[in-house]
Amino acid sequence: MSETTVIECPHCGATFKAKSKAALGKKVACPKCQTPFVISQSPSASRKTKPKLQKAPAKQDFENDLWEEDDEYEERPAPRERSGRPRGRAAGKPQPSGDSMKWIGLAVILVIVVGGIGLIALNTGSSSSKKPSENLAAKLMTEKQSDDAVAEKEESAAAEMEVARADTTEPAAAEEKPQAAIASTVPKEPVAPMADQGAAGNQSLTPAQAAESHLLVYQIVKLDDSIANSISKAGQNLESTYDHLSRSLARTVDLELQLAKIPSYLSGSTQIDLEKKLLSLQADPQIAKQVSDSINDNSEIKIQISETPEVVALELPEDEGDDLDYKVDFEIKGIDESISKQLVANPAAGASVLAQILNHHLSQSIPEYIPGTLKVDLESLKMTVHLTRYPESYLYSRINKIPSIPVNVAPIPNTIRELRTPDQIKPTQVTFKIQGFKRSRLIRLDVGKSYNHDRRRVYSGLLFALTKIISGYIPGSLDVNFVDETVTFQLDHEPGPSLSKRINDAFFNVTLLSDQPIKTGPPAPPFCTPGRPKQLVVLRVTETESFGRLLTSELNPDELKRELARAALRMNSHFKGHLSGYIPESIEVDPNQLLIAFQMDRTPPADLANMVNSLFFFNFKVADEIVAVHDVQYDPESSEKTLYFQFANRNEFGPRNDREYIRDKTDGVLAYRLDRYIPNSLQMDFDQGTFNINIRIGGNEQSEIRTITESLGNNKIDATYVKTDPPQGKGNAHPRGIGIVAGAGAGMVTGSSGKQAEGKHLKVTIQYGLYAGKQNVARSARTALDGFAWIDLKSIQIDEAKKEITFQTKGEMNLPALERLLKRQKFYQCVLNTEALPDPASTEK
């Protein structure tokens with residue numbers, strides 16, 4: 001009679017049995033943690049304590065990696081050939097060397113000999129060594145599951161006999177045994193109830209495809225006391241507490257499942273809703289029980305879930321791009337220590353070696369990778385590859401699981417670009433209907449102080465999807481209409497059938513769009529001129545709160561006017577940086593008519609009143625209806641200056657740097673820090689080490705230069721100011737760099753936009769829109785004009801009814817100095833007109 005041998009995994013502590021000691025000294029994969037080890041006699045006959053998940057070794061021999069991998073990617077069909085276009089690049093794909101073929105042959109023999117032992121022993125050991133589950137999920141087992149367990153136990157008993165036969169078989173005989181025969185002795189693991197049994201049982205899917213096409217939804221049956229206490233003490237913050245704890249637990253579960261190396265689990269797919277007591281993730285339904293055991297047996301995870309989930313069949317994304325290649329940028333999150341040392345010692349040589357190693361690994365393991373296209377930028381830690389198809393959401397996981405690959409890449413690509421030929425470019429504008437929001441309780445688009453925050457969250461999430469996930473988006477074309485609930489943007493090609501799905505599935509996007517566009521057509525004229533004035537809008541103030549009193553235009557018109565006049569000087573600070581699209585220094589206030597007006601770099605959005613009313617420090621409310629919208633005239637050549645700098649990129653790491661990355665980052669920093677900067681005006685010459693930018697006139701240039709150098713210095717770019725080119729145009733330009741209003745109503749025209757004449761003898765008419773001084777108008781006006789020698793003081797006339805000041809000049813007029821004095825004396829929204837007068841000397845003659 002053969003002697004039973006108890007085998008213990010040295011990595012996770014799991015035990016199982018073999019019918020013979022012939023298995024001692026052989027190498028098998030642990031049925032629980034899948035880590036290979038050499039069988040030796042267990043120091044103890046049994047193990048009563050529940051094992052904790054351990055981190056798998058970071059590196060293993062090539063033979064071990066072959067033993068460990070389940071060949072899920074080798075079953076993936078090869079990239080399809082494209083008619084009429086030979087794939088010459090793939091022809092040079094490196095073939096396995098002779099030594100590699102020897103190792104592969106040896107691994108196949110080992111799999112045949114020992115494979116049955118490792119897989120079948122899992123069932124023989126489970127009935128004797130695994131103690132009854134102590135978690136709450138065990139109480140939810142149905143009668144059917146009990147019957148399945150009995151059947152499984154009987155099948156395991158039959159399998160023990162097969163183990164004994166495998167242990168006593170000579171190696172040569174085992175080699176001749178067909179692999180299918182061994183596989184047929186492995187009992188199937190219980191599978192969770194499925195919404196679509198046919199879809200889950202589709203044998204044509206690889207484990208990776210099955211993971212992407214199935215969602216496993218588990219009930220959360222028990223919470224750790226610390227989690228339960230946090231929820232019970234949340235009070236009014238219950239919703240945010242649920243959201244925070246759900247996201248934190250999801251990250252923990254995702255990390256632990258990755259460390260446990262659960263086969264076919266789609267990394268990053270875990271989502272938890274503590275309020276509904278649900279946990280969902282994507283994995284092959286065949287390992288549903290293994291997933292629940294891994295979660296319930298792990299003390300780091302503070303929840304317990306049911307042992308069987310509901311399975312939802314998902315549609316695999318359609319393969320787009322019949323004749324396209326895709327350029328994908330991945331962020332490198334980690335580099336193997338041995339490679340890192342080489343990079344420190346010799347960056348150029350180390351980077352070259354790293355690129356060669358990565359190209360080799362990807363060529364061998366990723367069928368859609370185009371060999372030789374890989375580039376590594378160590379300064380921005382980016383890896384760029386070209387693919388023959390759109391990257392799957394789990395491509396990063398496939399890359400990170402390649403045996404011995406020396407890098408770890410981030411889950412979400414930095415960018416995905418479709419490499420189109422000029423003939424394939426066809427600009428198209430599409431409009432989708434907003435169907436709802438993910439976690440809708442956190443998106444509150446009612447009028448309140450959180451309106452702008454939630455609005456920006458929706459916008460930024462869509463922009464992330466369009467710039468990072470969707471290829472061919474035309475920058476600056478995204479427009480979200482929160483009144484009509486539509487999203488409009490432009491692509492450089494016609495949209496594919498899965499466009500909406502890709503946007504909806506994007507990680508940071510919170511908006512759910514309709515399956516198909518509600519409108520598709522040629523691009524419309526641009527609705528936005530980034531950084532440059534486009535239109536002036538006029539809004540009517542209806543109420544404010546002052547010292548706890550609500551002042552309305554119906555009941556307290558005079559008090560409301562006084563409050564609006566007092567706040568006029570602070571209006572610009574309320575709007576600048578807080579109202580999207582606002583052009584700084586363009587605010588106008590007319591207290592008598594209870595109107596405010598300002599310029600925007602876009603067509604006013606339909607929800608503009610809601611945006612204004614939700615400004616945090618703005619205590620006034622405006623009516624929903626816009627009073628008026630006026631076009632503005634703006635000449636960039638007359639209203640913008642050009643600043644030139646020299647620069648050096650600090651801490652350059654490696655033989656090349658990512659110029660596009662540096663340019664985009666620099667442009668973003670300048671747009672964030674400089675109110676008058678024109679976005680996308682940055683021109684960088686990396687060979688010469690120079691750059692120049694456009695800025696609207698009207699600001700303090702020394703302060704602007706200091707802001708530029710300090711901001712870029714904090715981002716590893718040393719900038720040195722060289723020179724400034726003043727505006728080159730000859731048209732009218734407002735001194736503050738804003739637009740000149742065309743057709744605006746009286747009292748709401750901005751700036752010195754009247755008729756201008758030249759000469760020393762002029763009649764000057766000043767029309768002011770608002771006077772906020774404490775002295776009477778006449779005295780304040782004379783104080784402002786009294787110090788100028790070129791003004792004929794006897795000619796000064798003041799008409800308070802018309803809000804008009806007139807005088808004559810007797811020398812060259814200093815317009816900037818005049819405007820500063822008027823502003824100091826509290827005269828605002830001034831419009832200056834000059835009319836030439838006859839020269840007194842010629843008149844006397």
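## Overall composition

The protein contains 25 helices and 36 strands. The model is a predicted one. Of its 845 residues, 45% are buried. Among contacts with a sequence separation of 6 or more, 72% are made by residues 24 or more positions apart.

## The pairing of H12 and H13

Helix H12, spanning residues 337-345, packs with helix H13, spanning residues 347-365, at an angle of about 145°. The axes of H12 and H13 are 5 Å apart, and the crossing of these two helices is left-handed.

The H12 side of the contact consists of Ile 339, Gln 342, Leu 343, Val 344 and Ala 345. These residues meet Pro 347, Gly 350, Ala 351, Val 353, Leu 354 and Ile 357 of H13. Sorted by class, the contact of H12 with H13 comprises nine nonpolar residues, two polar residues and no charged residues.

## Helix H24 and its surroundings

Helix H24 covers residues 815-824, and Ala 817, Leu 818 and Leu 822 are buried in it. Viewed down the axis of H24, the buried residues fall within an arc of 135°, so they line one face of the helix. Exposed residues are found on the other side of H24, namely Arg 820, Lys 823 and Arg 824. The buried residues of H24 pack against several elements: strand S31 (762-767), helix H23 (777-785), strand S34 (804-809), strand S35 (827-828) and strand S36 (831-836).

Both ends of H24 show a local feature. At the start of H24, a side-chain oxygen of Asn 814 comes to within 3.2 Å of the backbone nitrogen of Ala 817, a residue that is itself buried. Just after H24, Lys 826 adopts a positive phi of about 75°.

Leu 670 is part of helix H21, which runs over residues 659-673. Is Leu 670 buried or exposed? Its relative accessibility is 1%, and because the buried class lies under 20%, Leu 670 counts as buried.

Leaving aside residues up to four places away in sequence, Leu 670 touches Tyr 677, Ile 693, Ile 708 and Leu 712. Leu 670 and Asn 680 are separated by 10 residues in sequence, and their C-alpha atoms are 9.7 Å apart in space.

Note on methods:
Residues numbered from 1 in each chain as written. Predicted model: local features only at pLDDT ≥ 70, side-chain atom pairs only at ≥ 80, totals over all residues. Heavy atoms only, no water. Axes fitted to C-alpha atoms, helices over the stretch in contact; angles between N-to-C directions. Helix = DSSP H or I, 4+ residues; strand = E, 2+ residues; numbered from the N terminus. Left-handed = near helix turned anticlockwise from the far one by under 90°. Contact = heavy atoms within 4.5 Å. Nonpolar A, V, L, I, M, F, W, Y, C, P; charged D, E, K, R; others polar. Buried < 20%, exposed > 50% of the residue type's maximum accessible area, 1.4 Å probe, protein only. Arc of directions from axis to C-beta. Polar contact = N/O pair within 3.5 Å; in protein donor to acceptor, adjacent residues only side chain to side chain.
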